[in-house]
Amino acid sequence: LHVTSPLAVAAPVAPTLDQSRYLTQVMRLKAGDDLLVFNGRDGEWRCTVAEVLKKGVILRAEEQVRPQTFGPDLELIVAVVKKARVETIVEKAAELGARRLRLVLTKRTNADRIRLDRLDAIAEEAAEQTGRMDVPAVDDPIKLDALLDGWETGRRLMFCDETGGAPAVSSLHDAGEGPWSILIGPEGGFSPEEGKRLRSLPFTTAVSLGPRILRADTAAIAAMTLWQAAVGD
Ligand code: SAM
């Protein structure tokens with residue numbers, strides 16, 4: 001279970017009302033039962049159900065079972081596509097270890113209304129299911145130009161370029177250290193001007209994900225998997 005409370009021996013832990021309902025009505029936990037809890041800072045703890053109240057449950061932190069660890073400093077940046085596909089991308093990125101997800105608005109973005117609270121809930125559920133101890137943040141959509149103008153020094157960008165001629169992801173193998181971001185474009189691809197700017201940036205490496213045109217959600221999954229094989233862990 002992912003909580004926001006600090007976790008320390010004998011500390012009370014107060015899940016949200018929804019989480020309490022899930023613990024008591026779905027998992028049918030009673031006082032004295034154990035469960036594993038994480039909060040993205042203090043590692044993973046064995047907690048005990050201390051009290052079942054009308055309005056929620058109180059847990060007690062007993063012992064740390066795993067210290068806090070983080071996956072690679074990998075960020076997935078995706079152009080906003082159809083809602084269902086964005087939700088798939090968030091879930092798979094959380095499973096594949098992305099530390100952060102950023103949504104970008106491009107010239108050809110066809111943005112359904114993005115509900116960040118829903119995306120956060122999907123990221124949290126995927127983090128719990130996959131056993132990671134942090135939940136990837138999902139940032140508000142930002143214009144591509146603003147993202148590139150404010151680029152973090154030292155971070156590298158793997159630009160997934162389907163327009164032909166880019167090397168395979170394996171070429172990143174000797175690309176060396178450094179936090180990485182992966183960029184996936186919208187259904188209609190990047191505009192020629194956007195592609196030209198992206199290819200010209202010193203921190204960008206354009207790569208191909210193969211000869212076929214992939215949908216954005218397939219491309220996100222393929223790109224992260226290939227990145228991990230070439231660079232990450
Ligand atoms: N421009 C494509 C077209 O006209 O059919 C569609 C873009 S594709 C649906 C969405 C994004 O996925 C692309 O902008 C690119 O970032 C990524 N992508 C898809 N297939 C790819 C490939 N074979 N190599 C590299 N990136 C790919």
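**Figure 1. Salt bridges of the predicted model.** The model contains 22 salt bridges, a salt bridge being a side-chain nitrogen of Lys or Arg within 4 Å of a carboxyl oxygen of Asp or Glu. Side chains of opposite charge can pair when their charged atoms come close. The model is predicted, so local features need pLDDT of at least 70 and side-chain atom pairs count only at pLDDT 80 or more, while totals for chains, interfaces and linings use all residues. Residues are numbered from 1 along each chain as its sequence is written, and side-chain values use heavy atoms, with hydrogens and water left out.

**Figure 2. The salt bridge between Asp161 and Arg199.** The two side chains meet at 2.8 Å, N to O. Asp161 lies in the loop between strand 9 (156-160) and strand 10 (180-184) and Arg199 in helix 5 (residues 192-200), so the pair ties together parts that are 38 residues apart in sequence. Helices (H or I, at least four residues) and strands (E, at least two) are DSSP runs, numbered from the N terminus. Asp161 is buried, at 4% relative accessibility, whereas Arg199 is partly exposed, at 42%. Buried means under 20% relative accessible area, exposed over 50%, and partly exposed in between (1.4 Å probe, protein chains only).

**Figure 3. A network of salt bridges with shared partners.** The network joins Asp73, Glu75, Arg100, Arg102, Asp139, Glu152 and Arg155. Within this view, Arg155 and Glu152 form a salt bridge of 2.9 Å, N to O. Arg155 is buried, with a relative accessible area of 4%, and Glu152 is partly exposed, at 37%.

**Figure 4. The pairing of strand 6 with strands 5, 7 and 8.** Strand 6 (residues 100-105) runs parallel to strand 5 and is joined to it by 5 bridges; Ala79 stands opposite Val104 of strand 6. Two strands pair if DSSP finds at least two bridges between them. Strand 6 is also joined by 2 bridges to strand 7 (residues 137-138), again in parallel, with Ala137 as the bridge partner of Arg100. A further 2 bridges link strand 6 to strand 8 (residues 142-143), likewise parallel, and here Leu105 is partnered by Lys143.

**Figure 5. The β-α-β unit and the loop at Lys82.** Strand 5, helix 2 and strand 6 make a right-handed β-α-β unit. A crossover is right-handed if, with the strands pointing away from the viewer, the path from the first strand over the helix to the second runs clockwise. Lys82 is placed in the loop between strand 5 (74-79) and helix 2 (83-95), and is partly exposed at 36% relative accessibility. Lys82 and Asp217 are 135 residues apart in sequence, and their C-alpha atoms are 9.9 Å apart in space.

**Figure 6. The lining of the largest pocket.** Of the 24 lining residues, Leu1, His2, Gln19, Glu124 and Glu128 lie nearest the centre of the pocket. On a 1 Å grid over the protein atoms alone, a pocket is an open set of points where a 1.4 Å probe fits, with protein on both sides within 12 Å along at least five of seven lines; lining residues have an atom within 4 Å of a point. Helix 3 gives the most to this lining, with 6 residues.
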